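Good morning, colleagues. Please look at the structure on the screen while I take you through two parts of it.

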Amino acid sequence: MTLWRIRATVDDRPGYLSVLTASLALRGVNILAVQVHTTERGAVDDFLVDAPDTLDEAGLVAAVQRGRGRDCWVARSEARGLADQPTRALGLATRLVRDPDSTGEALRALLGADAVTWRPASAGSGGGLADTTMLLDDPAGGSFALRRAVPGFTPAEYARAQALVELSAAVARRAVEQVTLVLPGGAEAAVRPATADDLPGVAELHEACSARSRHRRYLGGAVAPSPARLRRLLEPARGLTLLATVGDVGVGESVVAMANLLAEGDEAEVALLVRDDWQRRGLGSALLRRLVRHAEQAGYAALVLHVHAENAPMLRTVRRLGRRTPTERDGAMVTLTVPLTVGVPSVNGRGPC
């Protein structure tokens, strides 16, 4: 038996696909996988088949045509073709997370393109799909041009390619925004803005923290916040959330601290959560300084922190800023106000982080 890929257009009408598959079955062809691409000309069916060794390319084309298929394309396939499309796409996405510069190679592998080139110019009004060519805007700037002689590209393939390019750009932006902190003891942690995709890692951070650490962070109790609340903390409507991580991105990365800046009016509330085994290393102080810098660039007048009076580590962290900090005490709760030097707001309203 021999592996083949077959692509053919079939009228998008009830029963037509079954006629094609029956025609292939009569010749001993076993269909291993099928994808359906909707186009204006009809449904383009992409098959991976196992055919008898005695059946050649011409025989497969004839079988497709007898099954009411048209615009048939047939080519030998390899064992790696047995991996389904979602599995291949996820594998390529993982590769891009590790190496965003491999976007062109990933596009070639995803679509079996003959050529993939990057151009400094935007795809503009000429972007999109034109049978054997594809133009994709690169969100980071420029565009990708893809060419494949046969078979022609489909809208579904265009959507997959665009999603892959956007993923690559997001990873690249994240890498640019990320900095590495070298703490006083020599330990290193990466610091970057949080996104909604960090929800699992932040949930693990809360599980790894002691009840005491969670109680100090959330004041009212030691129970971890709901996923809905964590999502709001990760991407606040106004403000910024920073994460400190260790390990390789996408492979064993662990979130060891979270710093939240939530703005209301001309002030912003700040709170920190540091995993117990990363406390007393200077990480909280480093994160607080970065939030102060961001808040000043964004134009806030002051930072406000609500802290348990017994939370000596957090009180020391604020004192290390070296700023005059008015303090109000209400029973077991202390409110600290850190005045800021208002700077020029950044263009995107976020400032450096």
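Predicted model: local features only at pLDDT ≥ 70, side-chain atom pairs only at ≥ 80, totals over all residues.

Strand 2 and strand 3 form a hairpin, with 2 residues between them. As an individual position in this pairing, A33 stands opposite L48 of strand 3.

Strand 3 has a further pairing, with strand 1, residues 2-10; the sense is antiparallel, and the pairing extends over 9 bridges. Here T9 has V44 in strand 3 as its bridge partner.

How many of the residues of strand 3 are buried? For strand 3, which spans residues 42-51, the count is 10 of the 10, and therefore the strand is largely enclosed by the rest of the structure.

S285 lies in helix 9, which covers residues 283-298. Is S285 buried or exposed? Its relative accessible area is 8%; because buried means under 20%, S285 counts as buried.

Which residues does S285 touch, once those up to four places away in sequence are set aside? They are T317 and R320. With R320 there is also a polar contact: the side chains of S285 and R320 are joined at 3.3 Å.

Thank you for your attention.

Terms used: Residues numbered from 1 in each chain as written. Heavy atoms only, no water. Helix = DSSP H or I, 4+ residues; strand = E, 2+ residues; numbered from the N terminus. Buried < 20%, exposed > 50% of the residue type's maximum accessible area, 1.4 Å probe, protein only. Polar contact = N/O pair within 3.5 Å; in protein donor to acceptor, adjacent residues only side chain to side chain. Contact = heavy atoms within 4.5 Å. Pairing = 2+ DSSP bridges.
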